[in-house]
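Subject: Handing over the structure

Hello,

I am passing this structure on to you. Please open it first, then read the notes below.

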Amino acid sequence: MAIVLARNRHILAQMTPLKFTPVQQVCSVDPGAHFVQIYENNDSLLDCVFAFFEKGFDRGEVALVIATRAHRSGLEARFASAGYDVGELKRSGKYAPFDAAETLGLFMHEGEPEAFRFNALVGGLIKSAISRGAGVRAF
């Protein structure tokens with residue numbers, strides 16, 4: 001399962017109101033589905049991503065995170081506030097964080113994403129995560 005988030009006020013203004021909150025929306029995504037969330041600020045983004053991963057932890061799933069340092073720190077603060085031991089989540093493989101810029105650099109070639117490199121890298125991360133859990137939730 002993957003979650004993709006984007007920041008774009010123009011698109012947000014054109015959308016009709018949701019009948020559920022963003023957190024309810026992201027937590028109701030079916031296994032194997034993708035979800036796109038447009039967000040206004042980092043707090044609302046991180047609240048949704050936290051809820052998404054917390055539901056996965058409850059199911060024994062692995063959280064695969066490719067994000068900026070600020071987003072990883074904010075997410076980890078939410079994990080800790082909810083009583084999770086972030087160090088133990090990392091050691092057990094239940095939480096696998098990666099830096100967005102470093103990861104992006106590994107599959108880009110001449111300013112363009114290269115499919116083979118992307119599939120090898122991200123596919124490898126997902127296969128590794130699957131080997132440690134019942135499923136994978138990615139951000």
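Contacts between residues 24 or more positions apart make up 75% of those in the chain with a separation of 6 or more. Keep in mind that this is a predicted model. The chain has 139 residues, and 34% of them count as buried. It holds seven helices and seven strands. From the N terminus, their order is β-α-α-β-α-β-α-α-β-α-β-β-α-β.

**Helix 3**

Start with helix 3, which covers residues 42–58. Its 17 residues span 24 Å from the first C-alpha to the last. That is close to the 24 Å expected at 1.5 Å a residue. At the start of the helix, look at Asn41. One of its side-chain oxygens comes to within 3.1 Å of the backbone nitrogen of Asp43. After the helix comes Gly60, with a positive phi near 80 degrees.

Which residues of helix 3 are buried? They are Leu45, Leu46, Cys48, Val49, Phe50, Ala51, Phe52, Phe53, Gly56 and Phe57. Take Val49, which sits in this helix. Its relative accessible area is 0%, so Val49 is buried.

**Arg137, in strand 7**

Arg137 belongs to strand 7, residues 136–138. Is Arg137 buried or exposed? Its relative accessibility is 3%, and the cut-off for buried is under 20%, so Arg137 counts as buried. Its side chain reaches the backbone oxygen of Phe52 at 2.9 Å. Phe52 is itself one of the buried residues of helix 3.

**Helix 4**

Next is helix 4, residues 69–81. It has 13 residues and reaches 18 Å from first C-alpha to last. The buried residues here are His71, Arg72, Gly74, Leu75, Glu76, Arg78 and Phe79. What covers them? The cover includes helix 3, strand 3 (62–67), helix 5, strand 4 (95–99) and helix 6. Gly83 follows the helix, and its phi is positive, near 95 degrees.

Leaving aside neighbours within four places in sequence, His71 is in contact with Tyr39, Asn42, Leu45 and Leu46. Leu45 and Leu46 are among the buried residues of helix 3.

**Lys90, in helix 5**

Helix 5 runs over residues 86–92 and contains Lys90. Lys90 has 39% relative accessibility, so it counts as partly exposed. Setting aside neighbours within four places in sequence, Lys90 is in contact with Glu76, Tyr95 and Pro97. Glu76 is one of the buried residues of helix 4. Lys90 and Ala63 are 27 residues apart in sequence, with 9.7 Å between their C-alpha atoms.

**Helix 6 and helix 7**

Helix 6 (residues 100–107) packs with helix 7 (residues 115–130). The angle is about 135 degrees, and the axes are 7 Å apart. The two helices are therefore oblique to each other. Which residues meet there? Thr103, Leu106 and Phe107 come from helix 6, and Arg117, Phe118 and Leu121 from helix 7. They divide into four nonpolar, one polar and one charged.

**Glu110, in a loop**

Finish with Glu110. It lies in the loop between strand 5 (108–109) and strand 6 (112–113). Glu110 has a relative accessible area of 73%, so it is exposed. Its phi is positive, near 55 degrees, and the residue is not a glycine. Most residues other than glycine have a negative phi.

Best wishes

Technical notes
Residues numbered from 1 in each chain as written. Predicted model: local features only at pLDDT ≥ 70, side-chain atom pairs only at ≥ 80, totals over all residues. Heavy atoms only, no water. Axes fitted to C-alpha atoms, helices over the stretch in contact; angles between N-to-C directions. Helix = DSSP H or I, 4+ residues; strand = E, 2+ residues; numbered from the N terminus. Parallel < 35°, antiparallel > 145°, perpendicular 65-115°, else oblique. Contact = heavy atoms within 4.5 Å. Nonpolar A, V, L, I, M, F, W, Y, C, P; charged D, E, K, R; others polar. Expected span 1.5 Å × (residues − 1). Buried < 20%, exposed > 50% of the residue type's maximum accessible area, 1.4 Å probe, protein only. Polar contact = N/O pair within 3.5 Å; in protein donor to acceptor, adjacent residues only side chain to side chain.
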